[in-house]
Amino acid sequence: MAQRVGMEVSVAIGEIVKLANTDVVSAYPITPQTHIVEHLAELVADGELDAEYIPVESEHSAMSACLGSAATGARTFTATAGQGLELMHEVLYVASSMRLPIVMTVANRALSSPLSVWSDHSDAMACRDTGWIQIFVENGQEAVDNTLCAFRIAEDNNVLLPVMIHLDGFHVSHVIEPILLPEQSQVDAFLPKNNYPLPLDTDKPVAMGDFGPPVIYTEAKWAQEVNLRKSKETILKVWQEFGKSFSRYYKPVECYRCEDADTLLLTMGSYSETAMTTIDKMRGEGKKIGLIRIRLWRPFPFEEFRQAVKDIKTLIVLDRAISFGGPGGPVCSEIRSALYSQNNRPEIVSFIGGLGGRDITVAGFEEIINSGMEIAETGSDNEFEIFGVRE
Amino acid sequence: MEDSGPIEIRIHGRGGQGSVTSAGLVAQAAISEDKYAQAFPSFGPERRGAPVQAFIRIDNHKPIRVRAGVTKPDIVVVLDPSLLDIVDITSGLKEGGLMVVNTKGSFKDIEEKFDAKYKLAIIDATSIARELLGRPIVNTTMIGALVKASGIVKLESLFQPLEKRFGRLAEKNKKVMLKSYTETRVKGEG
C-alpha cells in the first residue's frame with residue numbers, strides 16, 4: 001500500500017529517486033537548486049540510498065558527469081532549475097544525441113536579468129530543441145509519479161533518450177502537500193532494471209559521440225528525430241501501465257470540462273489548477289468553457305492535440321515565456337503551426353503572463369478568458385497580448 | 001468557512017525564527033488526519049532577520065488547487081512582537097478572522113493597535129521558549145497557541161511531525177507547545 005505523507009514536493013522527488021534505486025546522482029548544489037538534490041545527498045550520506053553522489057563545480061559538469069554515468073549503464077539522475085539549466089545547455093544536446101537515458105527534474109524558473117529565482121517557463125522553452133523528452137506536471141503527486149515513469153521511459157530500449165520532468169519552481173517544488181509514496185515492492189514491480197544495450201566496457205570497447213562529418217551528420221540527426229517521435233508510443237504505454245499499477249492515469253493532452261466546450265483555455269504547469277477554479281465558476285454561469293493542458297511537450301502530441309480542439313471555436317493560449325521579437329509565446333506559436341494545415345481550426349488568441357513568479361488569480365484567468373473571447377470576435381493587430389503588465 | 005474553500009493561515013515571523021517549519025508541521029498534522037493541506041514559504045531568497053511570511057491552507061474535504069500566497073487569511077499568526085508595528089499584519093484578514101499574537105502585553109494593548117473586529121488570542125511565547133528551550137525561538141510554542149485558539153488540528157497530531165523534524169529536541173518542543181496550549185488566552189473565552 002502506498003503511504004500518504006505530508007512532505008515537501010522536492011523531498012518527495014528525492015524519495016522516489018531513492019525508491020527507483022538510482023545508481024548515480026550528480027548535481028551542483030547552489031541556488032537556484034532545490035531540496036531535491038539536498039535530500040538525495042542526505043539519503044546517500046545516511047546510507048539509505050546506495051548510490052554514487054558526485055558533487056561537481058557547475059551545472060555544465062553535472063550534466064557531463066551524467067553522460068559518463070549513463071553510458072556505463074548506471075541509472076542516472078540530476079536536478080536543476082533556471083540558470084542552472086541554461087549552463088547545462090550544450091551538454092543537453094550531447095545527452096540526447098548519444099541516446100543516454102538520464103532523468104532530470106527541472107524546477108522551472110525565470111531567467112536573468114533582472115535576477116529572478118521565481119517561476120516561469122523560460123528555462124523549459126529554451127531547451128525544447130535539445131532532443132529531450134519533456135513532461136510538464138502540475139502538483140507534487142504528478143511530479144513524483146512522472147519522475148518514476150521517466151526512468152522507465154528513458155531506459156526502455158525502444159527509447160533510450162533523456163527525460164526532463166518540469167515542475168514549477170516554488171509553486172510546486174517548495175510546497176508541503178499530501179503525497180502518496182509507493183512501497184518499494186510496488187516500484188520494483190513497475191520499474192525493471194536498467195538494461196542499457198551498449199554500456200562502456202573495457203572488454204568490449206565502443207566509440208560514442210564520435211566525429212560526424214557531413215557524410216553522416218544528417219543521417220544521425222534524422223535517426224534522432226525519428227526516434228524521439230516514436231518514443232510517444234512507449235510514453236503512452238508506460239503511463240497506461242503506471243495507471244494500472246497505481247490507479248493514476250496520465251495523458252499527453254489533458255482536458256478539464258472540455259465536453260461540449262466552445263472555448264478552451266490552454267495552460268501548462270501549476271497555474272492549471274488555479275485555472276480549473278475559474279473554469280468551474282464560468283461553467284456555473286452556463287458558459288461553455290474548458291481547460292486543456294499539454295503534459296507531453298516533447299515529442300509534441302500532434303494527433304491528440306488536434307483531436308482535442310477539433311470542435312471548438314476559440315482557443316486561448318497562455319504562455320509563461322516570451323520568444324523575444326518573435327511570434328509571441330513559444331507554446332502558442334507551435335500550436336498555430338500544428339493547426340495551420342487543419343480545415344476546421346479554432347480562432348487562436350495568444351496571451352503571455354505569469355512571468356517571473358507573478359501570480360495569476362482565479363479572477364485573472366477569468367479576465368484572460370473574457371478578453372480572449374472578445375479578441376477572437378474582433379481580431380487584434382498584436383502578435384500576442386501581454387497580461388497584467390504595468391505600462 | 002469550509003464550503004467556500006480551505007482555511008487559510010498566514011504566519012508572520014523573521015527569517016530564522018522557524019515560520020516555515022511551523023507552517024509545515026501544522027500542514028503535516030492536518031494531512032495525518034486525512035485532511036488536505038499545503039504549507040509553503042513566501043517565495044524568494046531567504047534572509048535572516050528580515051520579515052518573512054509562511055502560509056498554510058487546510059481543507060477537510062477536497063484537494064487544494066490554489067498555489068498562490070495567502071492574501072485573504074482566516075487566521076494570522078505573529079511570531080515576533082516587533083512586527084506588529086512594522087508589518088501590515090491584518091492585511092486582508094477576513095472580518096471575524098483570528099489573530100494569534102506572541103506578546104507580553106494584554107488584549108487591550110493589541111486592540112489599541114488593531115480593530116476590535118478580529119478574534120484575538122495572546123500568549124507570551126518568548127518567555128516560555130526562553131524558559132524551556134533556553135532560546136527565544138517561538139515557532140513550536142506558537143503552534144500550541146494556534147491550535148488552542150483555532151482547533152484546526154488535534155494537538156496529538158503534531159507529536160509525530162515534531163519528532164520527525166526535531167529528533168532528540170522533539171521532547172522539549174513538545175513541552176513548549178503543550179505549555180502554550182494551556183496558557184494561551186482567547187478573548188471572550190475566560
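A polar contact is a pair of N or O atoms within 3.5 Å; inside a protein, one of the two must be able to donate a hydrogen and the other to accept it. Keep that in mind while we look around this structure, which is a predicted model.

**A serine in a loop**

Let's begin with A:Ser116. You'll find A:Ser116 in the loop between β5 and α6 (122–126) of chain A. A polar atom of the A:Ser116 side chain sits 3.1 Å from the backbone nitrogen of A:Trp118. If we skip the neighbours within four places in sequence, A:Ser116 touches A:Ala110 and A:Gly356.

**Three residues and their accessibility**

Is A:Ser116 buried or exposed? Buried means under 20% relative accessible area, and A:Ser116 comes in at 14%, so A:Ser116 counts as buried.

| Residue | Relative accessibility | Class |
|---|---|---|
| A:Ser116 | 14% | buried |
| B:Gly24 | 3% | buried |
| A:Leu200 | 43% | partly exposed |

B:Gly24 belongs to helix α1 (residues 19–32) of chain B. Which residues does B:Gly24 contact, once neighbours within four places in sequence are left aside? They are A:Ile176 and B:Ala39, so one partner is in chain A and the other in chain B. B:Phe55 is 31 residues away from B:Gly24 in sequence, while the C-alpha atoms of the two are 8.8 Å apart in space.

A:Leu200, in turn, is part of the loop between α8 (184–190) and α9 (214–246) of chain A.

**A helix from start to end**

Now for helix α3 of chain A, which covers residues 59–71 and has 13 residues. From first C-alpha to last, α3(A) reaches 18 Å, close to the 18 Å expected at 1.5 Å a residue. At the start of the helix, a side-chain oxygen of A:Ser58 comes to within 3.2 Å of the backbone nitrogen of A:His60. After the helix comes A:Gly73, with a positive phi near 90 degrees.

Which residues of α3(A) are buried? The list is A:Glu59, A:Ser61, A:Ala62, A:Met63, A:Cys66, A:Leu67, A:Ser69, A:Ala70 and A:Ala71. An α-helix has 3.6 residues a turn, so residues three or four places apart point the same way. The cover over the buried residues of α3(A) includes the strands β2 (24–27), β4 (76–80) and β5 (102–108), along with the helices α4 (82–87) and α5 (89–97), of chain A.

Notes: Residues are numbered from 1 along each chain as its sequence is written. Chains are lettered from A and ligands numbered from 1 in the order in which they are written. This is a predicted model: local features need pLDDT of at least 70, side-chain atom pairs count only at pLDDT 80 or more; totals for chains, interfaces and linings use all residues. Side-chain values use heavy atoms; hydrogens and water are left out. Helices (H or I, at least four residues) and strands (E, at least two) are DSSP runs, numbered from the N terminus. The expected span of a helix is 1.5 Å times one less than its number of residues. Buried means under 20% relative accessible area, exposed over 50%, partly exposed in between (1.4 Å probe, protein chains only). Contact means heavy atoms within 4.5 Å.
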